Amino acid sequence: MNNFDYDISLYGHLVNDLVYEDFDRCQTVGGMGNVWNTLIQIDSGLRINLQPTSIGNALILIDKLKLEKVVSAKLNLKTQNPVIYSSRCHHIMYLNRLDDISFIDNIKTGFISADVTDNGSIDYDILKKIDYLFISKRNLWMDLDELSKIVKGWVILHHPAGSYTTNGVDSFEISLTPLRNLNILGAGDIFASNFLCKKLYEEDIKKCVTFSHNNT
């Protein structure tokens with residue numbers, strides 16, 4: 001572990017979120033902020049490297065009863081190329097909405113994970129470099145089995161009733177009792193953060209996904 005500069009490096013979007021739940025309004029740091037906040041709550045001793053490649057704004061409307069959200073966002077108002085440090089884990093936020101993802105070619109240490117959001121497009125050659133791809137059911141844009149054949153490692157499809165994880169050969173499903181009236185803002189980011197913290201010390205992917213569900 002001492003051979004790495006950081007435990008986790010975060011890349012991607014740093015977002016100024018303006019959130020409405022009915023007419024209740026709050027302002028928060030989204031995207032990379034959600035992951036960073038969860039990571040330090042789980043383990044305040046983690047060495048975390050923040051490398052925002054895009055800064056943007058988002059207007060978010062939450063329907064807690066239906067577990068739905070609607071987002072209007074300008075995610076790439078400002079962009080920059082990240083500095084790559086050796087890390088045990090490299091996590092990329094909103095892979096399908098980044099203007100420039102060429103920096104992934106410069107990552108030579110640890111494992112690479114990424115998530116996607118709605119809209120946008122993905123270079124399939126990049127997916128061949130991703131060890132763990134997180135995607136919500138609402139953002140799945142193609143057949144899951146076909147997607148698993150493109151991604152280098154595992155695809156983790158999560159939803160309010162559980163998850164389905166596959167690498168195109170092996171797979172497993174976790175079923176949960178769906179909950180209602182939840183604040184789903186950042187739920188996918190929190191899920192991924194818990195997985196990454198567990199994955200730093202645990203090889204068994206099913207144990208990592210189970211840990212994520214138990215702590216999200």
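**Figure 1. Buried residues of helix H5 in the predicted model.** In helix H5 (residues 205-215), the buried residues are Ile-205, Cys-208, Val-209, Ser-212 and His-213. Around the helix axis they span an arc of only 135°, so they sit on the same side of H5. An α-helix has 3.6 residues a turn, so residues three or four places apart point the same way. The model shown here and in the other views is a predicted one. At the N-terminal end, H5 is capped by Asp-204. A side-chain oxygen of Asp-204 lies 2.9 Å from the backbone nitrogen of Lys-206.

**Figure 2. The whole chain, for orientation.** The chain contains five helices and 10 strands. Its radius of gyration is 16 Å, close to the 17 Å that the globule rule gives for 216 residues, so the chain is as compact as a globular protein of that length. Along the principal axes, the C-alpha atoms fill a box of roughly 50 × 40 × 35 Å. Of the 216 residues in the chain, 48% are buried. Among contacts with a separation of 6 or more, 49% are between residues 24 or more positions apart. The accessible surface of the chain is about 11,100 Å², and carbon and sulfur atoms account for 48% of this area.

**Figure 3. The salt bridge between Asp-7 and Arg-88.** Asp-7 and Arg-88 form a salt bridge in which the closest N and O atoms are 3.2 Å apart. The pair links distant parts of the chain, with Asp-7 in strand E1 (residues 6-21) and Arg-88 in strand E5 (residues 87-92), 81 residues apart. Asp-7 has a relative accessibility of 4%, so this residue counts as buried. Arg-88 also counts as buried, because its relative accessibility is 13% and the cut-off for buried is under 20%. Arg-47 belongs to the view as well: Asp-7, Arg-47 and Arg-88 are linked in a network of salt bridges. The count of salt bridges in the model comes to seven.

**Figure 4. The salt bridge between Lys-129 and Asp-105.** The side chains of Lys-129 and Asp-105 meet in a salt bridge, with an N to O distance of 2.0 Å. This pair too links distant parts of the chain, the two residues being 24 residues apart. Lys-129 is in the loop between helix H2 (124-127) and strand E7 (132-136), while Asp-105 is in the loop between E5 and strand E6 (111-115). Lys-129 is partly exposed, with a relative accessible area of 30%. Asp-105 is likewise partly exposed, at 37%.

**Figure 5. The salt bridge between Glu-146 and Lys-149 in helix H3.** Glu-146 and Lys-149 form a salt bridge through their side chains, at 3.4 Å from N to O. The two residues are three residues apart in helix H3 (residues 144-150), so about one helical turn separates them. Glu-146 counts as partly exposed, at 38% relative accessibility. Lys-149 has a relative accessible area of 60% and is exposed.

Figure 6. Val-15 is located in strand E1. With a relative accessible area of 4%, Val-15 is buried. Leaving aside neighbours within four places in sequence, Val-15 is in contact with Thr-28, Val-29, Gly-30, Gly-31, Gly-56, Asn-57, Ala-58, Leu-75 and Tyr-94. One of these residues, Asn-57, is 42 residues from Val-15 along the chain, and the C-alpha atoms of the two are separated by 5.3 Å.

**Figure 7. Asn-96 in the loop between E5 and E6.** Asn-96 is found in the loop between strands E5 and E6. This residue counts as buried, at 7% relative accessibility. A polar atom of the Asn-96 side chain lies 2.7 Å from the backbone oxygen of Thr-117.

**Figure 8. His-159 in strand E8.** His-159 lies in strand E8. At 23% relative accessibility, His-159 counts as partly exposed. His-159 and Asn-139 are 20 residues apart in sequence, and their C-alpha atoms are 10 Å apart in space.

Terms used:
Residues numbered from 1 in each chain as written. Predicted model: local features only at pLDDT ≥ 70, side-chain atom pairs only at ≥ 80, totals over all residues. Heavy atoms only, no water. Salt bridge = Lys/Arg side-chain N within 4 Å of Asp/Glu carboxyl O. Helix = DSSP H or I, 4+ residues; strand = E, 2+ residues; numbered from the N terminus. Buried < 20%, exposed > 50% of the residue type's maximum accessible area, 1.4 Å probe, protein only. Arc of directions from axis to C-beta. Polar contact = N/O pair within 3.5 Å; in protein donor to acceptor, adjacent residues only side chain to side chain. Contact = heavy atoms within 4.5 Å. Rg over C-alpha atoms; globule rule 2.2 N^0.38 Å. Areas by Shrake-Rupley, 256 points an atom, 1.4 Å probe, with all protein chains shown as cover.
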